[in-house]
Amino acid sequence: MKKVLIVLLSLLLVVLAAGCSGETAAPGQQVPSTLDRVKEKKKLVIGTGVAYLPFEMKDKDGNFVGYDIDMGNAIGKALGVEVEFKQMKFSGLIPALQTGDIDMAIAAMTIRGDRALSVSFSNPYYSTGQIIMVPKADNVTKSWQDLDQPGKKIAVSQGTTGALLAKQIFKQAQVMDFENVASAALALNQGQADGVVTEEVVVREYEAQKDYSVKGIYDLISAENLGIAVQLNDFATLQWLNTFLAAYKNSPEDKASIDKWFNSSDWRSNVEQKK
């Protein structure tokens with residue numbers, strides 16, 4: 001009996017040691033807090049997308065700017081750490097979180113069940129919806145269904161909610177993947193596509209650009225909430241982020257950022273445009 005107890009105690013010690021090793025936890029278990037790592041290295045590495053107006057983009061001096069960038073900097077300020085933004089393909093953000101290359105992703109990422117199997121999301125920080133963008137000269141298309149015909153081409157940004165949605169609803173039109181929404185919008189503007197599926201706020205930005213002759217069909221295909229993504233089951237970081245967002249949303253700082261990026265066009269002339 002004593003030998004059995006000794007064996008059981010030994011196994012228990014092994015399990016406890018494994019739980020304290022700092023390795024990534026299995027699904028359903030809590031992982032070591034990203035906050036501890038960020039505070040230790042005094043740097044927050046945020047993954048963001050490419051030219052997703054007005055959420056994230058670069059100005060002509062190469063600086064990251066946009067609504068998501070303002071929020072990321074506010075998070076860094078609240079933590080008292082330096083902020084480093086890493087620009088990458090949207091489809092690479094979740095893998096980068098899983099490997100620890102970035103600490104969090106702030107990239108107008110829609111909160112979705114399939115993504116929540118790989119990463120954890122904060123509370124929503126912005127609500128939007130997917131619509132179809134078409135050439136301004138198109139006076140025939142009244143809804144996305146009008147474009148679901150053989151020979152029609154729908155451009156999407158690879159890995160986005162718009163891309164997933166388009167591949168679900170378009171049965172006859174060809175859905176074409178592009179590296180980012182800027183490339184998809186350019187293809188539409190150059191006559192290489194008949195429509196683009198993306199967020200309504202993004203469509204409004206392209207409508208306002210003088211180099212683009214496009215318009216939105218403002219009949220929501222889907223509604224969605226955007227969230228900040230962190231490593232799966234990092235509950236300590238999620239709790240901190242949700243507390244931060246509760247104070248930040250609708251604060252003077254947040255309202256100033258919304259006015260600048262969503263209610264004004266003064267910044268457009270200083271933004272690097274992807275061609």
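**Figure 1. Helix α3 against helix α8.** Helices α3 and α8 pack at an angle of about 110°, and their axes lie 11 Å apart; axes here are lines fitted to C-alpha atoms, for helices over the stretch in contact, and angles run from 0 to 180 degrees between N-to-C directions. That makes α3 roughly perpendicular to α8, in a scheme where angles under 35 degrees count as roughly parallel, over 145 as roughly antiparallel, 65 to 115 as roughly perpendicular and the rest as oblique. This is a predicted model, in which local features need pLDDT of at least 70 and side-chain atom pairs count only at pLDDT 80 or more, while totals for chains, interfaces and linings use all residues. Residues are numbered from 1 along each chain as its sequence is written, and side-chain values use heavy atoms, with hydrogens and water left out. The crossing of α3 and α8 is right-handed (left-handed if the near helix is turned anticlockwise from the far one by less than a right angle, right-handed if clockwise). On the α3 side, the contact (heavy atoms within 4.5 Å) is made by D70, M71, A74, I75, A78 and L79, and on the α8 side by W240, L241, F244, L245 and Y248. By class, these residues divide into 10 nonpolar, no polar and 1 charged, where Ala, Val, Leu, Ile, Met, Phe, Trp, Tyr, Cys and Pro count as nonpolar, Asp, Glu, Lys and Arg as charged, and the others, Gly among them, as polar.

**Figure 2. Helix α3 against helix α9.** Here α3 (residues 67-79) meets α9 (residues 252-262) at an angle of about 160°, with the axes 9 Å apart. The pair is therefore roughly antiparallel. In this view α3 passes α9 in a right-handed crossing. Look for Y67, D70 and A74 on α3, which meet E253, D254, S257, I258, W261 and F262 on α9. The contact of α3 with α9 has 5 nonpolar, 1 polar and 3 charged residues. D70 and A74 of α3 also take part in the contact with α8.

**Figure 3. The nonpolar cores.** The largest nonpolar core has 57 residues, and F55, M71, I75, M104, Y125, Y206 and I228 have the most contacts inside it. Such a core is a set of buried Ala, Val, Leu, Ile, Met, Phe, Trp, Tyr and Cys residues joined through side-chain atoms within 4.5 Å, with buried meaning under 20% relative accessible area, exposed over 50% and partly exposed in between (1.4 Å probe, protein chains only). Helix α6 (residues 181-189) gives the most to this core, with 7 residues. A second, separate core has 15 residues, including V134, L147, L165 and I221. In soluble globular proteins, nonpolar side chains tend to be buried together.

**Figure 4. S33 and T237.** S33 sits in the loop between α1 (2-19) and α2 (34-41) and, with a relative accessible area of 14%, is buried. Not counting residues up to four places away in sequence, S33 touches D234, A236 and T237. T237 belongs to helix α8 and counts as buried at 0% relative accessibility. Apart from neighbours within four places in sequence, T237 is in contact with S33, T34, L35, M104 and V230. Between S33 and V230 the C-alpha to C-alpha distance is 10.0 Å, with 197 residues separating them in sequence.

**Figure 5. Backbone details to zoom in on.** Most residues other than glycine have a negative phi, and most peptide bonds are trans. The peptide bond from L53 to P54 is cis, with omega near -5°, and P54 lies in the loop between β1 (43-48) and β2 (57-58). A108 has a positive phi of about 50° although it is not a glycine. This alanine, A108, is part of strand β5 (residues 104-110) and is buried, at 4% relative accessibility. N233, likewise not a glycine, has a positive phi near 65°. The loop between β11 (214-231) and α8 (235-248) holds N233, which is buried with a relative accessible area of 11%.

**Figure 6. The whole chain for orientation.** The protein has 9 helices and 11 strands; helices (H or I, at least four residues) and strands (E, at least two) are DSSP runs, numbered from the N terminus. Of the 275 residues in the protein, 49% are buried. Among contacts with a separation of 6 or more, 72% join residues 24 or more positions apart.
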